[in-house]
Amino acid sequence: DKRNFRHFMLKEIYEQPETAQQWIDRFLPMDLPSENPIAMPVSKSILENIEQIQILACGTSRHAGMVGAYLLEQFAGVPTKVYFASEFRYAPPPLSPHTLTIGVSQSGETADTLAALRMEKERRDSTQDPNFSFHQLGITNRVDSSFGRELENVIDIGSGIEIGVAATKTFLGQMLSFYGLTILFASHRQKRKSQEILDLSNDLRLIPKQLTNLIKKHDSLSKEIAHLFVETKDVIFLGRGINYPIALEGALKLKEISYIHAQGYPAGELKHGPIALLDQHVPVVSIAVPGVVYEKVLSNSQEAKARDARLIGVSTHRSESEMFDELFTIPKVSEWVSPLLTVVPLQLFSYHIAAHKGLDVDQPRNLAKSVTVE
Ligand code: F6R
């Protein structure tokens, strides 16, 4: 049931505050001690013994994994690598000791992700060396799936059924689950002061309300500007640090549903090739939020602007509005939680361009909700 929405995708974008609130009620409840606030089914032995993490996923789920890897490394100090499941299968890295393998899949049925996890189990089991034992964790929205049946430890992101082929609220649920894991590792290993754990938890608790405010505002702005991009052939998305995966996700959403070619880059790479593409016909979307890479992203955006690109910003500051031709503002939040907000205007931007072009937003050509072939 689409209720009053024209498409499931738009309905699901609007459901994100609820997704976030339900996730918080389940995994970050108020009644746990503030220095150890996460209620997630992760064993003590994993929290204590793991030396590194490898994340296997495809598409949007891999982008959630990349946000997760940033958090696990930078906030919790756990070395983490992210792999395309389809690449991992045929070129796995040499076995590393005390490694946690995390599979991320909304549907829990993606053939490459399942096969990569099975392969990893087999090769670890066959060494019989306890240092190389298989520790695994699944993050999924469908516990009633192959993931749910095959994996020992599963985190149910609980985002509710998603019908639109383009993942939106499940991406949010996957990212939130990585915030949970990050806090678990950081608090268990005393990698962060209790005040830092408390600050991150409190910032997460504000997200549902902030999402509600954002969605309305960005829905109308995206709708207003969508017509400007009907003839557009290419769009470049820039982000750095924790928002680099959001640049990739913004580009993927646009490609999938509007059939406009789009590419996400870490903003510092612009000058190493992609800048040659820029002119007035190639819009650039730049995610520039205060934090360790803020000034850098702004100067990278300035370089794009100097090549006459139409510049669309996702930023906290009104004062930046002179640089950007269009600006999606988000509240001033800590950089740690910013991906939970910066992704929203990009979802709406893609949605409105596709809807304006009259495309089948919920069932884009050549795509399926669950990719059970490799
Ligand atoms: C993008 C999208 C796909 C999926 C990918 C993995 O909107 O939906 O890129 O993210 O096919 O699917 P799951 O998460 O079901 O493994």
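K216 sits in helix α9, which covers residues 194-225; helices here are DSSP runs of H or I with at least four residues, strands are E runs of at least two, and both are numbered from the N terminus. Keep in mind that this is a predicted model: local features need pLDDT of at least 70, side-chain atom pairs count only at pLDDT 80 or more, and totals for chains, interfaces and linings use all residues. Residues are numbered from 1 along each chain as its sequence is written, and side-chain values use heavy atoms, with hydrogens and water left out.

**Two residues to look at**

- K216 counts as exposed because its relative accessibility is 61% (buried is under 20% relative accessible area, exposed over 50%, partly exposed in between, with a 1.4 Å probe and protein chains only).
- The C-alpha atom of K216 is 8.5 Å from that of Y14, although 202 residues separate the two along the chain.
- E326 belongs to strand β10, residues 326-329.
- At 13% relative accessibility, E326 falls into the buried class.
- Leaving aside residues up to four places away in sequence, E326 touches I225, L228, R310, L311, I312 and G313 (contact means heavy atoms within 4.5 Å).

**How α4 meets α8**

- Helix α4 (residues 59-74) packs with helix α8 (residues 169-188) at about 25°, and their axes are 9 Å apart; axes are lines fitted to C-alpha atoms, for helices over the stretch in contact, and angles run from 0 to 180 degrees between N-to-C directions.
- That makes α4 and α8 roughly parallel to each other (under 35 degrees is roughly parallel, over 145 roughly antiparallel, 65 to 115 roughly perpendicular, and the rest oblique).
- On the α4 side the contact includes T60, H63 and L71, and among the α8 residues are F171, Y179 and F185.
- Sorted by class, the contact of α4 with α8 has ten nonpolar, seven polar and no charged residues; Ala, Val, Leu, Ile, Met, Phe, Trp, Tyr, Cys and Pro count as nonpolar, Asp, Glu, Lys and Arg as charged, and the others, Gly among them, as polar.

**The whole protein**

- For 374 residues, a compact globule would have a radius of gyration near 21 Å, and the protein agrees with its 20 Å (taken over C-alpha atoms; the rule is 2.2 Å times the number of residues to the power 0.38).
- The C-alpha trace spans about 60 × 45 × 45 Å along its principal axes.
- Of the 374 residues, 57% count as buried.
- Among contacts between residues at least 6 apart in sequence, 76% join residues at least 24 apart.
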